[in-house]
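Have a look at the sequence and the structure first.

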Amino acid sequence: MRNGVPLVSIGMPVRNCQGTLDAAVRSIVQQTFTDWELLLIDDGSTDDTLAIARRYRDPRIRLTSESNSLGLAVRLNEAIAASRGGLFARMDGDDIAYPWRFERQVECLERNPDVVLTGAAVVVFGRAGVALGKRTAEGAHEAICATPRAGFGIVHPTFVGRLGWFRRWQFEPGAGPCCDQDLLLRAYTESRFTNVPAILLGYREESIRLRRLLAYRLRFSRSLLRRYGKSNRLLALRSAAAQAAKGLVDCIAVCSGLKYRLLQHRAQPLTPEEREEWDCVWNSVHSAEGLAGRIRE
């Protein structure tokens with residue numbers, strides 16, 4: 001830190017994450033890049049999440065607790081406002097960062113001053129850390145933004161970007177579960193994105209919830225209508241119709257039990273080396289030594 005100010009501020013709003021929070025925090029504490037602060041915001045949890053969060057004694061972890069649940073976008077905007085670093089990073093309370101995640105993403109932004117936001121590929125994992133596959137990531141801005149109406153190829157929990165950019169655009173609370181895609185849709189014509197071409201995060205998906213998928217489709221359709229409705233109404237309607245068609249595929253995939261076979265974009269096969277690397281990361285954050293000295297007795 002320079003004058004007590006970290007380079008990276010990590011926003012982690014959490015709600016009812018008592019079974020996953022420790023592993024998520026361990027994965028940050030174990031980072032090879034150490035110049036960070038973690039803004040841990042409890043969004044009205046009704047389980048033991050807050051009690052667990054209060055046990056961490058690492059001075060880089062700043063905890064805020066709220067009794068009411070206001071949602072991810074509101075809490076992220078609060079984290080952005082409270083951040084002291086020049087960079088802002090995303091992390092969820094049920095995901096796991098690879099130890100070199102922030103080192104790689106910070107290097108990427110330092111090498112590319114025109115880039116405002118970077119993401120990465122992820123391992124999708126289920127119960128007990130079983131790897132289900134991976135989601136790859138295109139590196140070039142043009143590829144990431146090739147089909148805005150279909151969404152942008154950056155996984156939300158892998159976001160690392162310039163704090164000034166986040167403060168300019170903010171997350172839209174009304175966008176709900178697609179607040180990340182809504183943000184990218186509003187900003188992409190005036191921004192430049194990239195992805196680090198490597199798996200840097202474990203993305204937890206223990207189940208595919210149809211209600212959440214359909215809510216995402218509905219909210220993203222609204223974002224598309226707002227974005228294109230005035231300039232090209234036909235395009236806006238076609239875009240919304242495409243999301244409705246994808247929602248139908250979601251229903252068939254989930255209700256038929258085929259899920260990952262039909263929703264191939266959710267998890268592509270891992271190589272043996274990638275699977276072995278993930279197993280090492282999983283075991284590291286679940287070892288008895290993972291938070292030695294980091295938790296109050």
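Asp43 has Glu66 in S3 as its bridge partner. Six bridges join S2 (residues 36-43) to S3, and these two strands run parallel; strands count as paired if DSSP finds at least two bridges between them. S2 also has a parallel neighbour in S1, to which seven bridges join it. One of the pairs there is Ser9 with Glu37 of S2. Together, S1, helix H1 (residues 21-29) and S2 make a right-handed β-α-β unit, where right-handed means that, with the strands pointing away from the viewer, the path from the first strand over the helix to the second runs clockwise. Helices (H or I, at least four residues) and strands (E, at least two) are DSSP runs, numbered from the N terminus.

A note on the source: this is a predicted model, in which local features need pLDDT of at least 70, side-chain atom pairs count only at pLDDT 80 or more, and totals for chains, interfaces and linings use all residues. Residues are numbered from 1 along each chain as its sequence is written, and side-chain values use heavy atoms, with hydrogens and water left out.

How many of the eight residues of S2 are buried? Eight of the eight are, so S2 is largely enclosed by the rest of the structure. Buried means under 20% relative accessible area, exposed over 50%, and partly exposed in between (1.4 Å probe, protein chains only). Both faces of S2 are covered: Trp36, Leu38, Leu40 and Asp42 are buried on one side, and Glu37, Leu39, Ile41 and Asp43 on the other.

| Pair | Closest N to O distance |
|---|---|
| Arg90 and Asp92 | 2.6 Å |
| Glu205 and Arg135 | 3.2 Å |

Glu37 in S2 and Arg62 in strand S3 (residues 61-66) are 25 residues apart, so their pair links distant parts of the chain. Glu37 has 0% relative accessibility and counts as buried, whereas Arg62, at 31%, counts as partly exposed. In the second pair, Arg90 is buried at 0% and Asp92 is buried at 17%.

Next comes helix H3 (residues 72-82), whose buried residues are Ala73, Arg75, Leu76, Asn77, Ala79 and Ile80. The cover over them includes S1, S2, S3 and helix H6 (163-169).

Another buried residue is Thr194, with a relative accessible area of 12%; Thr194 is found in strand S9. A polar atom of its side chain lies 2.6 Å from the backbone oxygen of Gly139. Among the residues that Thr194 touches are Cys108, Val115, Ile144 and Ile154, where contact means heavy atoms within 4.5 Å.

Finally, here is the chain as a whole. Its secondary structure comes to ten helices and nine strands, and of its 297 residues, 52% count as buried. Among contacts between residues at least 6 apart in sequence, 78% join residues at least 24 apart.

Technical notes: A salt bridge is a side-chain nitrogen of Lys or Arg within 4 Å of a carboxyl oxygen of Asp or Glu. A polar contact is a pair of N or O atoms within 3.5 Å; within protein, one must be able to donate a hydrogen and the other to accept it, and residues adjacent in sequence count only if both atoms are side-chain atoms. Lists of a residue's contacts leave out its neighbours within four places in sequence.
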